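Please read this briefing alongside the sequence and the model.

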Amino acid sequence: MADTLAVITGASTGIGYELARRAAEDGHRLFICADEPEIEHAAEKLRRLGATVETLIVDLSTRHGVDALWERIADRDIDLFFANAGRALGHAFDEQTWEQIKTRIDLNVLQTTSVLHKVGRKMAARGEGRILVTGSIGGFVPGPHDAVYDATKAYLDSLCYALQDEWRDNGVTLTCLMPGPTETPIFTRGQNRLRDAPITEKQKADPAEVARAGYDALMAGERGATPDFGSKVVKMVSGLVPEALKTRIHRAGAEPD
Ligand SMILES: NC(=O)c1ccc[n+]([C@@H]2O[C@H](COP(=O)([O-])OP(=O)(O)OC[C@H]3O[C@@H](n4cnc5c(N)ncnc54)[C@H](OP(=O)(O)O)[C@@H]3O)[C@@H](O)[C@H]2O)c1
């Protein structure tokens with residue numbers, strides 16, 4: 001296989017790790033990054049699969065972090081780019097601190113857009129490249145008790161569909177992965193009150209299956225991937241269900257006990 005590079009943000013755990021694993025199994029060299037040293041552990045596991053792996057520990061909620069990532073990859077041919085790093089929050093809007101809210105918006109929206117702008121322009125200039133953005137089916141559902149998070153994902157889902165249209169003739173494909181609730185550490189991370197909510201106890205999708213669906217959609221150049229039954233149903237009917245009903249269903253899962 002040709003020497004190809006896959007860059008994955010937020011690859012230490014969960015969906016991002018599984019996306020990296022899929023890319024490794026497909027024979028790509030990996031460049032993986034995350035905010036905590038756990039990324040080195042992920043790299044070790046991926047190397048055991050035979051992959052060549054570079055790592056970077058970087059806070060992608062900051063401009064400095066995105067600049068540091070860009071410094072490492074700007075002069076490389078990036079074949080696959082996975083904009084996956086993201087954080088939820090949980091808790092009622094007026095009980096969250098502004099710092100918590102801002103960090104989510106900075107990571108999920110501002111800096112993800114910044115890195116997509118850089119990578120997208122670079123791939124367009126080269127005339128080829130594949131990008132997968134981990135949005136969420138939450139982007140179709142206003143989410144009481146995770147309101148800012150769902151709003152950031154609505155932004156990403158929308159951005160992806162718009163850019164797919166703009167980039168339809170430039171050789172760059174953009175796929176939006178829109179998982180439903182998936183069994184990853186996102187629900188139980190520090191400061192995330194979702195760990196006290198019913199959703200955390202409910203059965204969720206397998207991150208390996210979610211990543212497989214996303215990866216296959218990326219390689220097929222598909223626009224969107226709804227990897228589980230629930231996310232398919234939500235996407236299909238979301239325009240038909242009144243917002244008040246959607247918010248009530250979301251609240252039942254996300255409101256801390
Ligand atoms: N799990 C779900 O139900 C679900 C559903 C729909 C969409 N998603 C989306 O899927 C993506 C992956 O989440 P996940 O569920 O797999 O959760 P996860 O296991 O918590 O993974 C999140 C990844 O993002 C990294 N990350 C978080 N903040 C970062 C920062 N400031 N700078 C750099 N890296 C950072 C984490 O690394 P560190 O530990 O080093 O911070 C980790 O590698 C997210 O965009 C999430 O919104 C998840």
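The points below take up strand pairing, crossovers and cavities in turn.

This is a predicted model, in which local features need pLDDT of at least 70 and side-chain atom pairs count only at pLDDT 80 or more, while totals for chains, interfaces and linings use all residues. Residues are numbered from 1 along each chain as its sequence is written, and side-chain values use heavy atoms, with hydrogens and water left out.

- Strand E5 covers residues 129–134, where strands (E, at least two residues) and helices (H or I, at least four) are DSSP runs numbered from the N terminus.
- Of the 6 residues in E5, 5 are buried, a term that stands for under 20% relative accessible area with a 1.4 Å probe and protein chains only.
- E5 pairs with strand E4 (residues 80–83) in the parallel sense over 4 bridges, pairing being assigned if DSSP finds at least two bridges between two strands; Leu 132 in E5 stands opposite Phe 82.
- The chain passes from E4 through helix H4 (residues 98–126) to E5 in a right-handed β-α-β crossover, meaning that, with the strands pointing away from the viewer, the path from the first strand over the helix to the second runs clockwise.
- E5 is also joined to strand E6 (residues 172–177), by 6 bridges and in parallel, and Gly 129 has Val 172 in E6 as its bridge partner.
- Between E5 and E6 the chain crosses through helix H5 (residues 147–166), and this β-α-β crossover is again right-handed.

**Cavities**

- The structure holds 2 cavities of 30 Å³ or more, a cavity being a set of points, on a 1 Å grid over the protein atoms alone, where a 1.4 Å probe fits but cannot get out, and lining residues having an atom within 4 Å of a point.
- The largest cavity has about 70 Å³ of space, the volume being that filled by probe spheres set on the points, which are joined across faces, edges and corners.
- Its lining includes Thr 9, Leu 60, Ala 83 and Gln 111; helix H3 (63–73) and H4 each supply at least two lining residues, and H4 gives the most, with 4.
- By class, the lining of the largest cavity has 7 nonpolar, 3 polar and no charged residues, with Ala, Val, Leu, Ile, Met, Phe, Trp, Tyr, Cys and Pro counted as nonpolar, Asp, Glu, Lys and Arg as charged, and the others, Gly among them, as polar.
- The second largest cavity, with about 30 Å³ of space, is lined by residues including Arg 76, Asp 77, Lys 122 and Arg 126, and its lining divides into 3 nonpolar, no polar and 4 charged residues.

Methods
Buried means under 20% relative accessible area, exposed over 50%, partly exposed in between (1.4 Å probe, protein chains only). On a 1 Å grid over the protein atoms alone, a cavity is a set of points where a 1.4 Å probe fits but cannot get out, and a pocket is an open set with protein on both sides within 12 Å along at least five of seven lines; lining residues have an atom within 4 Å of a point.
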